[in-house]
Amino acid sequence: MPGVQLSIIKKGDGKNFPQSGNLVSVHYIGYVDKDGSEIEWDSTRKRNRPFTFKMGVGEVIPGWEEAVAQMSIGQRAKVTMPPELAYGEKGFGLIKPNTSISFDVELVSVE
């Protein structure tokens, strides 16, 4: 199974990487391909409120766990997830089943 792909937009501190059990906060913009164009389907930046979740306990789709574990505080990256690590055969809202998705993710904090 292919993993997530990260393309660095901004480097982080290179020291503080989240571990299982840590509470992390991220800002993100979610994108899905529709007819050859990327369309935005969700954004914490527009809400001006980061998304917080606990690492390693299954609160988020597997692609989030894999991607965020590779990031350090302050890092921003474009993260592309294959369907198996995103919403798989069920899909979610605008995301059709078996669709790859991408996010612009910034790791804001790790506790």
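Is Trp64 buried or exposed? In this predicted model, Trp64 is buried, with a relative accessible area of 6%.

## Model confidence

The protein chain has a mean pLDDT of 94, and 99% of its residues reach 70 or more. Within the chain, confidence is highest in strand β4 (residues 51-54), with a mean of 98. Confidence is lowest in strand β3 (residues 37-43), where the mean is 91.

## Aromatic pairs and the cluster

A pair of aromatic rings is described by the distance of the centres and the angle of the planes. The structure holds 11 aromatic pairs. In one of them, Phe53 and Trp64 are arranged edge-to-face, at 6.2 Å centre to centre and with 75° between the planes. Phe53 belongs to strand β4 and Trp64 to helix α2, so this pair ties together parts that are 11 residues apart in sequence. Phe53 counts as buried, at 1% relative accessibility, and Trp64 is also buried, at 6%.

Trp64 pairs with Phe103 as well: the ring centres are 4.8 Å apart and the planes stand at 55°, so the pair is tilted. Because Trp64 lies in helix α2 and Phe103 in strand β6 (residues 101-110), the pair ties together parts that are 39 residues apart in sequence. Phe103 counts as buried, with 1% relative accessibility. Phe53, Trp64 and Phe103 are among the members of one aromatic cluster, which also includes Tyr28, Trp41, Phe51, Tyr87 and Phe92.

How many of the 12 residues of strand β2 are buried? Nine are buried, so strand β2 (residues 23-34) is largely enclosed by the rest of the structure. In a regular strand the side chains alternate between the two faces of the sheet.

Strand β2 pairs with β6 in the antiparallel sense over nine bridges, and His27 has Glu106 as its bridge partner in β6. Six bridges join β2 to β3, again with the strands running antiparallel; here Ile29 stands opposite Ser43 in β3. The hairpin of β2 and β3 has two residues between the strands, and in this hairpin Asp35 takes a positive phi near 55°. Strands β2 and β4 also run antiparallel and are joined by four bridges. Val26 stands opposite Phe51 in β4, and Phe51 is one of the residues of the aromatic cluster.

## Salt bridges

Side chains of opposite charge can pair when their charged atoms come close. A search of the whole structure finds six salt bridges. One of them is formed by Glu106 and Arg45, whose closest N and O atoms are 2.6 Å apart. This pair links distant parts of the chain, with Glu106 in strand β6 and Arg45 in helix α1 (residues 44-47), 61 residues apart. Glu106 is buried, with a relative accessible area of 16%, whereas Arg45 is partly exposed, at 28%. Salt bridges that share partners join Lys10, Arg45 and Glu106 into one network.

Asp42 and Arg47 meet through their side chains in a salt bridge of 2.7 Å, N to O. Asp42 counts as buried, at 18% relative accessibility, and Arg47 is partly exposed, with a relative accessible area of 44%. Lys46 forms a salt bridge with Glu40, with the closest N and O atoms 3.0 Å apart. Lys46 is exposed, at 67%, while Glu40 is partly exposed, at 35%.

## Ser72 and Ala69

Where is Ser72 found? Ser72 is located in the loop between α2 (62-69) and β5 (76-81). Not counting residues up to four places away in sequence, Ser72 touches Gly12, Asp13, Gly14, Lys15, Asn16, Phe17 and Leu107.

Ala69 lies in helix α2 and is partly exposed, with a relative accessible area of 34%. Leaving aside neighbours within four places in sequence, Ala69 is in contact with Phe17, Pro18 and Met55. From C-alpha to C-alpha, Ala69 and Met55 are 8.2 Å apart in space, and they are separated by 14 residues in sequence.

Conventions. Residues numbered from 1 in each chain as written. Predicted model: local features only at pLDDT ≥ 70, side-chain atom pairs only at ≥ 80, totals over all residues. Heavy atoms only, no water. pLDDT = per-residue confidence, 0-100. Contact = heavy atoms within 4.5 Å. Phe/Tyr/Trp six-rings, centres within 6.5 Å; stacked < 30°, edge-to-face > 60°. Buried < 20%, exposed > 50% of the residue type's maximum accessible area, 1.4 Å probe, protein only. Pairing = 2+ DSSP bridges. Salt bridge = Lys/Arg side-chain N within 4 Å of Asp/Glu carboxyl O.
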